[in-house]
Amino acid sequence: MILGMRSDSRSCPNGWFRNGTKCYFFSEELKTWMDAKLACEDDGGILVEVESKCENDFLKMSASEQWHWLGGTDEQEENVWLWSPSQNLIIFTNWNLEEPEPNNLNGNENCLALSSAYEFAWYDGTCNTLLLFICEKVTWNNTYGINLVTIVNAITDITVNKSEKSSNGRIVIFL
Ligand SMILES: [Ca+2]
Ligand SMILES: [Ca+2]
């Protein structure tokens, strides 16, 4: 068996940044929440779903000091915040507690934003506001949900003595 893969496959597509098993894209373009969601999906990703403090900390560290759309919305039912498109209930939150948020200002704030205020606290905002946005995508997962990078790393470790990296940047693994 010969397994060949590009040596740069462990990193993310151009313009995307890796954190753990995911790649993240920080837009330089302003869009409405819905257009941001569609732009992420057009690019094979989703508008980011922030599932943990760890993930939120990464976004805070990596985002520019501006407002960014995240993938949360309470459009379907007021004050029931879901990630879209997964429809998972938002469990981890980082709402600004100082102002406080979410405040559904004027009864018309149904989309989730990472602010540049209060150390990147979360706000609800009007969905048609033009903001930067953050996409995420999981790379190299096979149909069993096993991270392929992990597998390839394991294979590489096992076969390190029998493998070679050729000059065109491909790693050829002989099993
Ligand atoms: Ca709302
Ligand atoms: Ca608000």
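Are Cys40 and Cys135 buried or exposed? Cys40 is buried, and Cys135 is buried as well, where buried stands for under 20% relative accessible area, exposed for over 50% and partly exposed for values in between, with a 1.4 Å probe and protein chains only.

This is a predicted model, in which local features need pLDDT of at least 70 and side-chain atom pairs count only at pLDDT 80 or more, while totals for chains, interfaces and linings use all residues. Residues are numbered from 1 along each chain as its sequence is written, chains are lettered from A and ligands numbered from 1 in the order in which they are written, and side-chain values use heavy atoms, with hydrogens and water left out.

**Disulfides**

The structure holds 3 disulfides, a disulfide being a pair of cysteine sulfur atoms within 2.5 Å.

| Disulfide | S to S distance |
|---|---|
| Cys12 and Cys23 | 2.1 Å |
| Cys40 and Cys135 | 2.1 Å |
| Cys111 and Cys127 | 2.0 Å |

Cys40 lies in helix H1 (residues 33–42) and Cys135 in strand E9 (residues 132–138), so this pair ties together parts that are 95 residues apart in sequence; helices (H or I, at least four residues) and strands (E, at least two) are DSSP runs, numbered from the N terminus. The torsion about the S-S bond of Cys40 and Cys135 is about -80 degrees, and the disulfide is therefore left-handed. The link of Cys12 and Cys23 is left-handed too, with -85 degrees about the S-S bond, whereas the torsion of Cys111 and Cys127 is about 100 degrees, which makes that disulfide right-handed. Counting bonded cysteines along the chain, the pattern is 1-2, 3-6, 4-5.

**Calcium sites**

The calcium ion (ligand 1) is coordinated by Asp74 (OD), Asp74 (OD), Glu78 (OE), Glu78 (OE), Asn104 (OD1), Glu109 (O) and Asn110 (OD1), at 2.3 to 2.8 Å. Donors are N, O and S atoms within 2.8 Å of the metal (3.2 Å for Na, K and Ca), and because water is not among the atoms, sites may look incomplete. Of these residues, Glu78 counts as partly exposed at 41% relative accessibility, while Glu109 is buried, with a relative accessible area of 11%.
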